[in-house]
Amino acid sequence: MENLIKTGHIQIPFGSLELVLLADGYFTVETWQPIIAPTIPSQLVEKELDRLSLSKKNYQAPIIVMLVKQQNRYILIDTGEGHYDIKNAGNLKRSLYLAGITLEQITDIIITHAHRDHIGGILDSKGLPNYPNATYYISKPEFDFWMSDNPDFSQGKNPELGRSNLTLIKKTLQAISPKLQLFEPGDQLFSCIDTELAPGHTAGHIICTVKSEYSVITNLVDLIHSPLLVSQPHWGTLWDINFERAVDTRIKILERCHREGTLVIASHMPWPGIGFIGKIKNRKQWVWIPKSFNSY
């Protein structure tokens with residue numbers, strides 16, 4: 001995958017707001033399958049990787065975090081890997097520093113879903129908050145799923161993979177509980193971020209649409225993990241807790257983004273992760289169209 005960087009940021013004027021895209025690093029999986037397209041014949045996957053000019057040797061993807069600056073408010077959407085992968089990731093704090101933003105300035109953190117590469121940066125290796133002044137926000141369906149006595153992973157293709165970080169997730173959410181607020185998917189946060197339930201990847205996975213004057217961008221988060229899942233959204237991933245529901249959600253939202261010409265960002269698309277959902281002429285197949293920005 002192109003554009004793998006460990007640190008970096010892009011500042012984007014956005015109406016009365018400012019967006020900052022921050023590199024946390026990247027993750028590497030030795031083979032695309034079975035993580036991506038777990039039930040698809042390997043020959044078809046390799047053919048599609050060739051068509052998209054993606055490496056067949058391994059699957060690599062950035063971890064991209066969005067920050068929304070609203071006057072004196074600094075709103076992080078997720079926190080990256082943190083100390084759990086110091087070889088390739090966990091560099092959000094460094095990228096914030098390079099962007100001129102201190103950890104103490106972060107006022108709010110939206111947790112889109114509770115997978116490790118999205119909540120791993122909340123606490124340091126000693127279990128203390130990295131962002132001492134932040135209030136946290138998570139959707140009620142997401143919180144209820146992970147904090148239940150027996151979360152249901154039976155609708156995924158690999159239930160044990162879904163359970164693998166359960167202890168870490170519960171520990172993290174419990175640690176921030178005094179400053180954690182629940183919201184319902186569909187609620188608007190901070191008068192500029194519309195939340196929407198996009199279930200399947202996790203029970204309460206949300207996407208966020210940031211609006212300011214005439215500027216609009218939708219953060220698809222983990223709806224898509226690669227251009228491969230744009231062109232073949234039904235192929236899915238082992239990370240999806242409810243595989244079939246994730247496929248349905250992916251197809252529905254990609255179709256809407258294409259139809260409406262929505263500018264989107266996603267957490268694991270090639271850096272800086274911004275683009276549009278296009279469609280190949282005369283074919284019922286979507287394509288990722290990246291939008292270029294300068295890095296700093």
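## Close-up views of a predicted model

View 1. P272 lies in the loop between β12 and β13. Welcome to this predicted model; we start at that loop. A cis peptide bond, with omega about 5°, links W271 to P272. S267 is found in the β12–β13 loop as well, where β12 spans 264-266 and β13 spans 274-279. Is S267 buried or exposed? S267 is buried, because its relative accessibility is 5% and the cut-off for buried is under 20%. Leaving aside neighbours within four places in sequence, the contacts of S267 are P62, I63, I64, H118, N219, V221 and D222.

**View 2. An open sheet of seven strands.** Follow the strands across the sheet in the order β8-β9-β10-β11-β12-β13-β14; their pairing is mixed. At the edges are β8 (188-189) and β14 (286-290), each of which pairs on one side only. As a reminder, strands of a sheet pair through backbone hydrogen bonds, either parallel or antiparallel. Here, β9 (residues 193-197) and β10 (residues 206-212) run antiparallel and are joined by five bridges. Look for I193, whose bridge partner in β10 is V210.

**View 3. Helix α8 on the sheet.** Helix α8 (residues 243-260) packs on the sheet and touches β9, β10, β11 (215-221), β12, β13 and β14. The direction of α8 makes about 90° with that of β13. With 18 residues, α8 reaches 26 Å from its first C-alpha to its last, close to the 26 Å expected at 1.5 Å a residue. Just after α8 comes G261, with a positive phi of about 65°.

View 4. Which residues of α8 are buried? They are F243, A246, V247, T249, R250, I253, L254 and C257. These residues lie on the same side of α8, because they cover an arc of only 165° around the axis. On the face turned away from that buried side, you will find the exposed residues D248, K252, R259 and E260.

**View 5. The largest nonpolar core, and another one.** In soluble globular proteins, nonpolar side chains tend to be buried together. The largest nonpolar core in this model has 34 residues, of which I36, L220, I224, L228 and I277 touch the most other members. Two or more residues each come from β2 (17-29), α1 (42-51), β3 (59-70), α7 (227-231), α8, β12 and β14. Zoom in on L228: leaving aside neighbours within four places in sequence, it is in contact with W32, I36, E48, L49, L52, L54 and W235. Another core, of 32 residues, lies apart from the largest one and includes L96, I101, L123 and L173.

**View 6. The buried side of helix α4.** In α4 (residues 140-147), the buried residues are E142, F145 and W146. Their arc around the axis is only 85°, so they sit on the same side of α4. They pack against β6 (135-139), α5 (159-163) and α6 (166-175).

**View 7. Backbone details in two loops.** Most residues other than glycine have a negative phi, and most peptide bonds are trans. The loop between β2 and α1 holds P34, and the peptide bond from Q33 to P34 is cis, with omega near 10°. A37 lies in the loop between β2 and α1 too; although not a glycine, A37 has a positive phi of about 55°. A37 is buried, with a relative accessible area of 0%. Now turn to E213, in the loop between β10 and β11. The phi of E213 is positive, near 55°, and E213 counts as exposed at 63% relative accessibility.

Conventions. Residues numbered from 1 in each chain as written. Predicted model: local features only at pLDDT ≥ 70, side-chain atom pairs only at ≥ 80, totals over all residues. Heavy atoms only, no water. Helix = DSSP H or I, 4+ residues; strand = E, 2+ residues; numbered from the N terminus. Buried < 20%, exposed > 50% of the residue type's maximum accessible area, 1.4 Å probe, protein only. Contact = heavy atoms within 4.5 Å. Pairing = 2+ DSSP bridges. Axes fitted to C-alpha atoms, helices over the stretch in contact; angles between N-to-C directions. Expected span 1.5 Å × (residues − 1). Arc of directions from axis to C-beta. Core = buried A, V, L, I, M, F, W, Y, C linked by side-chain atoms within 4.5 Å.
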